[in-house]
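This report walks through one protein model, part by part. Keep the structure open while you read.

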Amino acid sequence: RFCSTAPWRPNINIYETEEAILVCADLAGMKPQAIHVEVEGNSLMLRGDRPRPIPAYRGSAIGVQLMEIDTGDFCRELELPDSVDRTKISAKYTDGLLWITMPKEG
């Protein structure tokens, strides 16, 4: 599988240490169970569906003045370097950020 033309792609930062490559994806407003991380061949696939934020307002109708937060289906594909141990990739979602740790082999 590959990423089709999803409506949006989350912003990411990539860091490298001697032991691992670290990916940080901005996925604010998501539930962890709605985020899917998969290794497919030489690719790391990040998929999900971020819901539109709805104000908790009980009153008259609300009109939208500005809407810049990306929502809906997303897909982000990253090529895995040969140095990554694909069997030890892990992910942790904290404070709206998904941290993917990709340990290096050897």
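## Buried or exposed

A residue is called buried when its relative accessible area is under 20%, exposed when that area is over 50%, and partly exposed in between. W99 has 34% relative accessibility, so W99 counts as partly exposed. The model is predicted, and every value in this report is computed from it.

## The four-strand sheet

Start with the open sheet of four strands. Its order is β1-β2-β7-β6, and the pairing is antiparallel. Which strands stand at the edges? They are β1 (12-16) and β6 (90-94). Each has a single partner strand, so one side of each is left without a neighbour in the sheet. On average, neighbouring strands here are turned by 15 degrees against each other, direction ignored.

Now look at β6 and β7. These two strands run antiparallel, and five bridges join them. Find A91, then look across to β7: the bridge partner of A91 is I100. In general, strands of a sheet pair through backbone hydrogen bonds, either parallel or antiparallel.

The loop between β6 and β7 holds D95. Most residues other than glycine have a negative phi. D95 is not a glycine, yet it has a positive phi of about 55 degrees. Is D95 buried or exposed? Its relative accessibility is 77%, which is over 50%, so D95 counts as exposed.

## The three-strand sheet

A second open sheet is built from three strands. They follow the order β3-β4-β5, with antiparallel pairing. The edge strands are β3 (35-40) and β5 (72-79), and each of them pairs on one side only. From one strand to the next, the twist averages 15 degrees.

Strand β4 covers residues 43-50. How many bridges join β3 to β4? There are six, and the two strands run antiparallel. One spot to check is H36, which stands opposite R47 in β4.

## The loop between β4 and β5

Two residues of this loop deserve a look. One is G63, in the loop between β4 and β5. G63 has 53% relative accessibility, so it counts as exposed. G63 and R76 are 13 residues apart in sequence, and their C-alpha atoms are 32 Å apart in space.

The other is T71, which lies in the loop between β4 and β5 as well. T71 has 19% relative accessibility. The cut-off for buried is under 20%, so T71 counts as buried. What does T71 touch, not counting residues up to four places away in sequence? Its contacts are W8, R50, P51, R52 and P53.

## Two aromatic pairs

A pair of aromatic rings is described by the distance of the centres and the angle of the planes. A search of the whole structure finds two such pairs. W8 and F74 form a tilted pair, with 4.9 Å from centre to centre and 55 degrees between the planes. W8 lies in the segment before β1 and F74 lies in strand β5, so the pair ties together parts that are 66 residues apart in sequence. W8 is buried, with a relative accessible area of 6%. F74 is buried too, at 3%.

Y15 and W99 form the other pair, which is stacked. Their centres are 6.0 Å apart, with 25 degrees between the planes. Y15 sits in strand β1 and W99 in strand β7, 84 residues apart, and the pair links these distant parts of the chain. Y15 has a relative accessible area of 38%, so it is partly exposed.

## The nonpolar core

The largest nonpolar core has 19 residues. Which of them touch the most other members? They are L27, L98 and M102. β2 (20-26), β4, β5 and β7 (97-103) each supply at least two residues of this core.

Take M102. Leaving aside neighbours within four places in sequence, M102 is in contact with A20, I21, V23, L44, L80, V84 and I89.

## The cysteine question

A disulfide is a covalent bond between the sulfur atoms of two cysteines. How many disulfides does the model have? The count comes to zero. C24 is in no disulfide: the nearest cysteine sulfur, that of C75, is 18 Å away. The cut-off is 2.5 Å. C24 is buried, with a relative accessible area of 7%.

Conventions: Residues numbered from 1 in each chain as written. Predicted model: local features only at pLDDT ≥ 70, side-chain atom pairs only at ≥ 80, totals over all residues. Heavy atoms only, no water. Buried < 20%, exposed > 50% of the residue type's maximum accessible area, 1.4 Å probe, protein only. Pairing = 2+ DSSP bridges. Axes fitted to C-alpha atoms, helices over the stretch in contact; angles between N-to-C directions. Contact = heavy atoms within 4.5 Å. Core = buried A, V, L, I, M, F, W, Y, C linked by side-chain atoms within 4.5 Å. Phe/Tyr/Trp six-rings, centres within 6.5 Å; stacked < 30°, edge-to-face > 60°.
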